[in-house]
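Have the structure open as you read.

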Amino acid sequence: MTDPSAVEIVTVSAKAGVSAIQVEMQGVDIIADADRKGKPSSLFWPWFAANVSVFGLSYGAWVLGFGISFAQATVVGIVGIVFSFFLCGVVAVAGKRGSAPTMVLSRAALGVRGNRVASVLSWILTVGWETILTALAVMATATIFKELGWGEGVGVQVVALVVVAALIVAGGVIGFDLIMKMQTVITWVTGVLTIGYIALTLGHIDFEAVAAWPHGSAQNFIGALVCMMTGFGLGWINMAADYSRYLPRRSSGGGVIWWTTFGASVAPVVLIVAGLALAASDQNLFDEIGANPVGALTTILPVWYLIPFGLVAILGLVGGALLDIYSSGLALISAGLPVPRPVAAGIDGVIMILGTVYIVFGVSSFFDVFQGFLITLGVPIAAWAGIMLADVMMRRRDYDEADLFDPRGRYGSVPAVPLTLIVVGSVLGWGLVTNGYASWLTWQGYLLGPLGGKDGAWAGANLGVLVALALGFVGTLVLRRGAVRAQEAAPPSPVAEAVVEVVAVEVAADDVPPAAAPASRGEDQP
C-alpha cells in the first residue's frame, strides 16, 4: 500500500504549467526548486492583503471591553499584533527550508501520522474563521441595505448569505488561480476605501471621552493581550509557511521574519488604534459593535459613503474567507481524508454555511460566539505553535521532503513527546481560561481555584493560552533537541522506487508525460 500523501506530490507536478483558470485538483503540494522565485520582501503583499479589513476597527471596542484605558489598549493592540505575527514569521522560515504547506512541514515536529492531530486542529480553526468572516459579511450587507432604505429583515440576510457564500465556496472549490485573481482586486479596493473610512470618521473622535476611560488591572491587561494574540497572529500561525515556501532556499531567514511580521502587522495596528479612538468616543458605537461588528461601523458614516464602505467591508471579509476555505481544504486532506481538494473545500463550504446560519439567525451577540471560539481553540493551537516554533529554531538544515511523507523515515510516525505536550498543554490551558460565552464551555477554568476561582481577578486573564504556548516551546527545546540533531545528521533519503507505480497511475489518468512528476518515498519502499 502506498502512502496517499505521495500521490499528492505527484498530482501537483503532473498538472503544473496550466495557466487558464480551472478547477484545481491537487492536494498538498510540493514546490520544486526550479519553481521557487522572489525575495523575502515579496511576502509583504499577501500578508498585507490578508489583514487589511475594517474588521480590525471592531477590535477597538472589544479590547476596551476588558476594562482597560485607551493607553493600555493601544499598547495591548500594538504588542499583541506585532508579537503574534512575529511568531508567524518564525514559522514562515520553515517554508523556505521546505517545499510544502505548514501542515506538512509540521510533520517534522509531530511525526508523519502524529501530525494529523495538528491538521485537525488547523482545519477546525480555519473553518471557524471562514464561518465568522462569512457571518460578518452577511450582517454587514444587511445593515447597509437597511441604512440605505433598500430593505431589511430575514429576506435580505438570506439573499446576502447566498451571494457571499457562493463567492467564497466558488473560490475555494475552483482553487488557487481564481483566488489569486480575486485577491488582487480585493487588496487594492479594500486598501483605498479603508483609508477613506478613517479619513471620514476622524471628526467623530472625542479626545476628552477617549482620555476619560479608566485604567484597568494587570489581569485585565493580560486578558486583552491574549485576545489580540489569538485574534491576529495565532489565528494565522497554522498557515504561516504557506507563502514563504515559494521563496528560494537561499533567502534570508531574517528577511522572511521581518517582511512577514511587517506586512501582516502594519494595517491592523493602524486599524486598531483608529477603532479604539472611535469606540472610546461613542458609547453607542461601543455597545453596537458587540452585536454587529462591521455593520455598527456604518452608523457614523455619511450616507453617500455607505455603498463604498459596504464594498470594502464585504470584499475584505470575503478575501480573508477565501484564504481560509482554501487552507482548510488542504488541512482536511493533510489530516487523512481521502478526497480530492475541491471536494474537501466543498465540505468545508457546507459547514461554513451552517455555522453562518447559526451566528446570523441563532445568537444575539456576535462577540460572545467569537470570544468563545478564539479562546477554546487558542489553547491547543498555542501548544502546537510553541512546539513548531522551538522545532524551527533548533533546525539548521533544510527538510528532507521525501521523509515528510514516509512514517518510517527520520521524522517518525507518532512521536510521544510532542503529542504529550499538546495534550498536557491543552489540559492545563483549558483549566486556566474561562468561557461564559456558551453554556457548553462552562467546564473550563477548573484550575483557577488557587487564583481566586472562576469569579476571581485572574479569571478573565486567559492565562491558559500563554501557559500552553510556553509549555510547548520550552518542552520541545528541552526534550526534543537530541531528536532534531539525529534527524539532521541522517543521510538524505534515496529516491523511492515504489513511487514509480504511483506516477504511472497518475500520468495515465491525466495523460501527462512521466518526466513531469518527481519521485517521492512511499510506504512500500523497501
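A cavity here is a set of points, on a 1 Å grid over the protein atoms alone, where a 1.4 Å probe fits but cannot get out, and its lining residues have an atom within 4 Å of a point. Grid points are joined across faces, edges and corners, and a volume is the space filled by probe spheres set on the points. This is a predicted model, in which local features need pLDDT of at least 70, side-chain atom pairs count only at pLDDT 80 or more, and totals for chains, interfaces and linings use all residues. Residues are numbered from 1 along each chain as its sequence is written, and side-chain values use heavy atoms, with hydrogens and water left out.

**Largest cavity**
- The whole structure holds 5 cavities of 30 Å³ or more, and the largest has a volume of about 240 Å³.
- Among its 19 lining residues, Ala 50, Asn 51, Phe 55, Leu 133 and Trp 236 are the closest to the centre.
- Helix α15 gives the most to this lining, with 4 residues (helices are DSSP runs of H or I, at least four residues, numbered from the N terminus).

**Second largest cavity**
- About 80 Å³ of space lies in the second largest cavity.
- Its lining has 13 residues, with Pro 101, Met 103, Asp 242, Ser 327 and Leu 330 nearest the centre.
- Here too, α15 supplies the largest share, 4 residues.

Technical notes
On a 1 Å grid over the protein atoms alone, a cavity is a set of points where a 1.4 Å probe fits but cannot get out, and a pocket is an open set with protein on both sides within 12 Å along at least five of seven lines; lining residues have an atom within 4 Å of a point. Helices (H or I, at least four residues) and strands (E, at least two) are DSSP runs, numbered from the N terminus.
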